Amino acid sequence: MLNPLHLVQSGSVNMNRRMFCTASLATLAMGSSGQADTNTNVTFHFYGAEDCPPCMAFKRNNLSDVEAMGRAYGFAIEDNIIARTRDVPNPGAYGDRDPILRLAAPQLELVYPPIFFVSQRGEIVSVHAHDWQAALESARQSARSP
């Protein structure tokens with residue numbers, strides 16, 4: 001079976017082209033309905049700040065590719081951005097999306113953006129700190145698990 005993340009992690013082809021091809025193949029593999037089973041309640045979380053260069057680089061260069069994978073595999077994506085990095089440690093900084101970040105925080109060495117993690121039915125599945133590709137793989141696997 002094709003491992004879509006192998007394409008993402010190899011460095012030989014443009015990221016957008018790889019992700020487009022990967023999402024296209026995954027969509028074809030789903031059959032005639034063209035939609036993934038979205039009853040998994042799996043969510044890929046991205047927490048960042050506008051003044052965080054790596055956060056904005058991910059949002060600009062990779063977020064649309066992650067969204068395509070989410071559509072293909074049936075998981076949701078939450079993009080949570082606040083204005084200032086210095087506010088991230090403050091409880092409530094991310095408004096109504098703050099509580100789930102605080103659930104993931106104990107598994108982080110530092111609560112400093114960008115932060116990527118995966119949840120399912122409101123429970124933390126995996127925390128990946130700055131490694132969005134590992135979080136993407138976890139979301140993909142969780143979405144396909146019963």
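**Sheet, hairpin and salt bridges**

Reader: What happens at Arg121 in the hairpin of E3 and E4?

Author: Arg121 takes a positive phi near 55° in that hairpin, which has two residues between the strands. Strands (E, at least two residues) and helices (H or I, at least four) are DSSP runs, numbered from the N terminus. This is a predicted model: local features need pLDDT of at least 70, side-chain atom pairs count only at pLDDT 80 or more, and totals for chains, interfaces and linings use all residues. Residues are numbered from 1 along each chain as its sequence is written, and side-chain values use heavy atoms, with hydrogens and water left out.

Reader: How many bridges join E3 to E4?

Author: Four, and the two strands run antiparallel. Ser119 stands opposite Ile124 in E4. Two strands pair if DSSP finds at least two bridges between them.

Reader: And what is the strand order in the sheet?

Author: E2-E1-E3-E4, an open sheet of four strands with mixed pairing. E2 and E4 (123-127) stand at the edges with a single partner strand each, so one side of each has no neighbour in the sheet. Neighbouring strands are turned by 25° against each other on average, direction ignored. Axes here are lines fitted to C-alpha atoms, for helices over the stretch in contact, and angles run from 0 to 180 degrees between N-to-C directions.

Reader: In which sense do E1 and E3 pair?

Author: Antiparallel, over six bridges, with E3 covering residues 115-120. Val118 in E3 is the bridge partner of Phe44. Gln120 in E3 is the bridge partner of Val42.

Reader: Why is E3 called largely enclosed?

Author: Because six of its six residues are buried. Buried means under 20% relative accessible area, exposed over 50%, and partly exposed in between (1.4 Å probe, protein chains only). Ile115, Phe117 and Ser119 point one way from E3, while Phe116, Val118 and Gln120 point the other way.

Reader: Which helices lie across E3?

Author: H3 lies across E1, E2 and E3, at about 130° to E1. H6 lies across E1, E3 and E4, at about 10° to E3.

Reader: New topic. How many salt bridges are there?

Author: Five, from a search of the whole structure. A salt bridge is a side-chain nitrogen of Lys or Arg within 4 Å of a carboxyl oxygen of Asp or Glu.

Reader: What does Lys59 pair with?

Author: Asp79, with the closest N and O atoms 2.8 Å apart. Lys59 lies in H3 (residues 53-61) and Asp79 in E2 (residues 76-82), so the pair ties together parts 20 residues apart in sequence. Lys59 is partly exposed at 35% relative accessibility, and Asp79 is partly exposed at 29%.

Reader: And Asp98 with Arg102, how far N to O?

Author: 2.8 Å. Both lie in H5 (residues 98-104), four residues apart, about one helical turn. Asp98 is buried, with a relative accessible area of 5%, whereas Arg102 is partly exposed at 23%.

Reader: Are Arg140 and Glu137 buried or exposed?

Author: Both are buried. Their side chains meet in a salt bridge at 2.9 Å, N to O. They sit three residues apart in H6 (residues 132-144), about one turn of the helix.

Note on methods
Contact = heavy atoms within 4.5 Å.
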